[in-house]
Structures are given as C-alpha cells and as structure tokens.
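Welcome! Please take a moment to look over the structure below before reading on.

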Amino acid sequence: MRTLDGKVVVITGAGSGIGRALALNAAAKGAVLALSDWDEVGLVETADLVAAQAGVREVRTDKVDVRDRAAMKAYAESVHAELGRVNVVVNNAGVALHGDFEEVSYEDFEWVLDVDFWGVVHGTKEFLPYLIESGDGHVVNISSLFGLMGVPGQTAYNAAKFGVRGFTEALRQEMLVAKRPVQVTCVHPGGIKTAIARNARATASHDQAAVARMFDEKLAKTTPEKAAQVIVDGVLANRARVVVGTDAKLLDLWVRIVGPRYQRVVAAVSSRVTPAPGRR
C-alpha cells in the first residue's frame, strides 16, 4: 500500500490519544474513516476535529466494545456493507493496569487481556476477510515497548502486549505463505503523551495518581501526532515492525544486546523510582 488516498481505514480506540492522531493523519491523506471507541464523547470530538481539519469528509463513528466478539463481527459487517470495502484496520484500543501480580485480581487481569489482546484478535479476525477481498489490505496492531521487554508492575499489560506481538508476527508470515494481498505491521510505542496512565487501574498498594504523574512528567516524551506520523510512514513502507519514540528504540536495542540480564537492571531501577507507598 503506497497511499491512503481513497482507502477505507478502520481505527479502534479513536476517541483520544494515538487513535485520534491516526484518524487526523489518515484523513489528511484522503482516507475514508470508520472510527470506533467505547468513549462516545471522545469519539464525537475526534470526528469534529477531522471535519474541521479536512472539511466535509465521510466519517463513520460507532460505539463499540472490542471485547465483545459478536459486536465486533456485526461492526465489521456493517462497515463493509456501508462503505463497500475495507483496506486498513488499526487495532489500537487499549487499557492499562499497574500493580504487583500477587495483588492483581483475576477480574482486572482479564480486563486488560480482553481489551488489549482479545480486542486485537477480534478486530483482525472479523475484518481480515474484507482486507483480503480489497486486494490491498493492511492489518496494524498496536503492541507496546512492553511487548519487547518485561517491567515490574505490568504483568497483565506485558502479557497482552507480548501476545499481540507474537500474534501479529505469526499472522504476517501466514499472509506471506498464503500469498494474501494483506500486509501486517506490529507497532511498539514507547512513552506517548496520552491519557492511558491517568485512566489505568491500580492495585491498592500502588499510588495511581503518582504513577500517572511520573508517566506524564518523566516517561511520555513523544506526542500522539508524532507517533501517528511514524506509524503511517511505517505502514506505507510495509514495515513488519514499527518502534515509536527514541526511548523505545534505545531500550529495544539494549534488551537485544544484553539479553535476559536486562531484567535485573530494570528491577533495580524500578524499586527506586516506582511510586508504591504500600511497599515502603
């Protein structure tokens, strides 16, 4: 795929952050958008921003829970029926949870996996037939830097994002083996200036406000707009993996060089800087 002009682009989690920035970027490049989110208010704001930026343009918006398999199936069928084709699906919707595994409830762990992993699987599975039918399709799955390295306090998020990585890399190979007209890209953002940390859940012994503040002030270095541009450039270049942000690129390289030894270093650093009043 060399251009988004005239392509139908589906984006989940489009109500804010990277999803919103991707919608604006794709619209500027002439894409026809089908946007979804659980947050209807944010979704309407995104659509309004697209309209203000690009003028009158076809933008479809739907409140969709990516955890709901039946709803995702119906959503894919409806988008295809209305717009006639689907060229790109960006499985972007995501949530976060901070806390040590021994404290994390099954319910919270499942919540993260249901959104961050199964949401990606559902979006891919239900739209894949239409991407193949288009003759020029692309699956874009958003993993994370935490799909490249493990971090204390992020067992559920790491499990989901490593899962997205493995799933996406295997899918790309299947498309190559079967000679399907579908490209596949796995995206690994580092610290992006979004609300994901502020909206995250946390276990009782972790100070959620302090964790979010640390993320916003010290870790989130890349704007959503920059992230969106890097992602779109990677998609149009048909890259298998897109790593977003200098922080993510440096840490990815470091982990590959030092191997499993990185875990002791990360654990030591985390024990000094992670806000966790209940463990002091």
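Predicted model: local features only at pLDDT ≥ 70, side-chain atom pairs only at ≥ 80, totals over all residues.

Residues are numbered from 1 along each chain as its sequence is written, and side-chain values use heavy atoms, with hydrogens and water left out. Helices (H or I, at least four residues) and strands (E, at least two) are DSSP runs, numbered from the N terminus.

**The nonpolar cores**

- In soluble globular proteins, nonpolar side chains tend to be buried together.
- A nonpolar core here is a set of buried Ala, Val, Leu, Ile, Met, Phe, Trp, Tyr and Cys residues joined through side-chain atoms within 4.5 Å; buried means under 20% relative accessible area, exposed over 50%, and partly exposed in between (1.4 Å probe, protein chains only).
- The largest nonpolar core has 32 residues, and the members that touch the most others are Val10, Tyr75, Val79, Phe127 and Val139.
- At least two residues of this core come from each of β1 (8-11), β2 (32-37), α3 (69-83), α4 (106-134), α5 (155-177) and β7 (182-189).
- Helix α4 gives the most to this core, namely eight residues.
- There is also a second, separate core of 30 residues, and among them are Ile11, Ala23, Ala31 and Val88.
- Beyond its neighbours within four places in sequence, Val79 is in contact (heavy atoms within 4.5 Å) with Val10, Ala34, Arg60, Gly84, Val86 and Phe127.

- Two packed helices are described by the angle between their axes and the distance between the axes.
- Axes are lines fitted to C-alpha atoms, for helices over the stretch in contact, and angles run from 0 to 180 degrees between N-to-C directions.
- The axes of α4 and α5 are 7 Å apart, and the helices pack at an angle of about 15°.
- That makes α4 roughly parallel to α5 (angles under 35 degrees count as roughly parallel, over 145 as roughly antiparallel, 65 to 115 as roughly perpendicular and the rest as oblique).
- Residues of α4 including Phe109, Val112 and Leu128 meet residues of α5 including Thr155, Phe167 and Met175.
- This contact of α4 with α5 holds 15 nonpolar, three polar and two charged residues; Ala, Val, Leu, Ile, Met, Phe, Trp, Tyr, Cys and Pro count as nonpolar, Asp, Glu, Lys and Arg as charged, and the others, Gly among them, as polar.

**Helices α1 and α7**

- Helix α1 (residues 17-28) and α7 have axes that come within 8 Å and cross at roughly 60°, so α1 and α7 are oblique to each other.
- Among the residues that meet are Gly17, Ile18 and Ala21 in α1, and Pro224, Ala227 and Val232 in α7.
- The contact of α1 with α7 has eight nonpolar, three polar and one charged residues.

**Single residues to look up**

- Most residues other than glycine have a negative phi, and most peptide bonds are trans.
- Lys179 has a positive phi of about 55° although it is not a glycine; Lys179 lies in the loop between α5 and β7 and is exposed, with a relative accessible area of 73%.
- Asn238 also has a positive phi, near 55°; Asn238 sits in the loop between α7 (224-236) and β9 (241-244) and counts as partly exposed at 26% relative accessibility.
- Asn92, in the loop between β4 (88-91) and β5 (97-98), counts as buried at 11% relative accessibility.
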